[in-house]
Amino acid sequence: DIEKAKKIKENFTYVQPANRYYEVAKDVLPEFSRMLDASLLTRAKRELAQNKITEARNDLADISSLSPYAYEAKLVNEKLWVAEMENKKAEEIRKRTEYAKVIGDKLTSKTKIMVNVIISGENSEELTIRYKTAPYAELKKYVDEDKMITTAQELGFKRILFDKEDGESWEIKFK
């Protein structure tokens with residue numbers, strides 16, 4: 001059990017020079033630390049594979065920078081960072097996709113206009129709202145009331161296109 005091993009290592013570390021087991025603890029500690037670091041690294045790799053980012057990061061943090069496993073732990077930590085960025089990106093895309101569905105449902109129910117909301121772009125950062133017969137002013141009123149533009153920008157959309165079937169359209173771009 002790794003948690004028990006961490007406690008044992010801590011106990012070895014705090015053995016006082018006056019203690020009769022001091023020399024034994026001093027001799028055992030390096031090998032015990034190496035085995036613990038190997039176990040922590042193995043567990044961190046397994047946790048990374050299971051997308052348990054926080055747990056893996058905690059295990060890597062317990063590996064000594066002087067350990068023979070320190071370099072490999074650094075490499076695993078870099079992989080964790082990449083996995084975190086990928087997870088964050090996927091979560092942002094999920095939130096934008098969910099918001100697009102909410103927009104479509106709200107506009108359709110409030111205006112009684114058939115609205116088709118489409119997400120596009122490499123990272124789902126473009127929002128197109130296609131609608132039929134609604135006058136621009138009516139649609140804009142509901143968009144403003146729901147603070148749709150502000151929310152879309154906060155969620156990471158870069159562009160919103162309001163596209164009327166007859167060819168009339170207006171666009172909002174964010175930086």
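## Briefing: aromatic pairs, salt bridges and overall form

The count of aromatic pairs comes to 2. In one, the rings of phenylalanine 12 and phenylalanine 32 have centres 5.6 Å apart and planes at 80°, so this pair is edge-to-face. The model described here is predicted. Its secondary structure comes to 6 helices and 4 strands.

**Aromatic pairs**

- Phenylalanine 12 lies in helix H1 and phenylalanine 32 in helix H2, so their pair ties together parts that are 20 residues apart in sequence.
- Phenylalanine 12 is partly exposed, at 24% relative accessible area.
- Phenylalanine 32 counts as buried because its relative accessibility is 16%, and buried means under 20%.
- Phenylalanine 162 and tryptophan 170 form a stacked pair, with 3.8 Å from centre to centre and 10° between the planes.
- Both phenylalanine 162 and tryptophan 170 are buried.

- Phenylalanine 157 sits in the loop between helix H6 (148–154) and strand E3 (159–164).
- Is phenylalanine 157 buried or exposed? Phenylalanine 157 is buried, with a relative accessible area of 1%.
- Leaving aside residues up to four places away in sequence, phenylalanine 157 touches Arg96, Tyr99, Ile119, Ser124, Glu125, Glu126, Leu127, Ala152 and Phe174.
- Phenylalanine 157 and phenylalanine 174 are 17 residues apart in sequence, and their C-alpha atoms are 7.4 Å apart in space.

**Salt bridges**

- A search of the whole structure finds 15 salt bridges.
- Glutamate 31 forms one with arginine 34, and the closest N and O atoms are 2.6 Å apart.
- Those two residues are 3 apart in helix H2, which means about one helical turn separates glutamate 31 from arginine 34.
- Glutamate 31 is partly exposed at 39% relative accessible area, and arginine 34 is partly exposed at 30%.
- Arginine 94 and glutamate 91 also meet in a salt bridge, at 2.6 Å from N to O.
- Arginine 94 and glutamate 91 are 3 residues apart in helix H4 (residues 70–111), so about one helical turn lies between them.
- Arginine 94 is partly exposed at 40%, as is glutamate 91 at 30%.
- Salt bridges with shared partners join Glu3, Lys6, Arg43, Glu47, Asp59 and Asp62 into one network.
- Within the bridge of arginine 43 and aspartate 59, N and O are 2.7 Å apart.
- Arginine 43 lies in helix H2 and aspartate 59 in helix H3 (residues 53–61), so this bridge ties together parts that are 16 residues apart in sequence.
- Arginine 43 is buried at 17% relative accessible area, and aspartate 59 is buried at 3%.

**Surface**

- Tyr21, Val24 and Val28 form a nonpolar patch on the surface, with about 260 Å² of accessible area together.
- Tyrosine 21 lies in the loop between helix H1 (2–13) and helix H2 (22–49).
- Tyrosine 21 is partly exposed, with a relative accessible area of 47%.
- The accessible surface of the protein comes to about 11,500 Å², and 53% of it belongs to carbon and sulfur atoms.

**Whole protein**

- From the N terminus on, the elements run α-α-α-α-β-β-α-α-β-β.
- Along the principal axes, the C-alpha atoms fill a box of roughly 90 × 25 × 25 Å.
- The radius of gyration is 28 Å, whereas a compact globule of 175 residues would have one near 16 Å.
- Of the 175 residues, 34% count as buried.
- Among contacts with a separation of 6 or more, 52% join residues 24 or more positions apart.

Methods
Residues are numbered from 1 along each chain as its sequence is written. This is a predicted model: local features need pLDDT of at least 70, side-chain atom pairs count only at pLDDT 80 or more; totals for chains, interfaces and linings use all residues. Side-chain values use heavy atoms; hydrogens and water are left out. Patches are made of residues with over 30% relative accessible area and no salt bridge: like charges are joined within 9 Å, nonpolar side chains (Val, Leu, Ile, Met, Phe, Trp, Tyr) within 5 Å. Accessible areas come from the Shrake-Rupley method with a 1.4 Å probe; for residues, only the protein chains shown count as cover. A salt bridge is a side-chain nitrogen of Lys or Arg within 4 Å of a carboxyl oxygen of Asp or Glu. Buried means under 20% relative accessible area, exposed over 50%, partly exposed in between (1.4 Å probe, protein chains only). Rings of Phe, Tyr and Trp (its six-membered ring) pair if their centres lie within 6.5 Å; planes under 30 degrees apart count as stacked, over 60 as edge-to-face and the rest as tilted. Contact means heavy atoms within 4.5 Å. The radius of gyration is taken over C-alpha atoms; the globule rule is 2.2 Å times the number of residues to the power 0.38.
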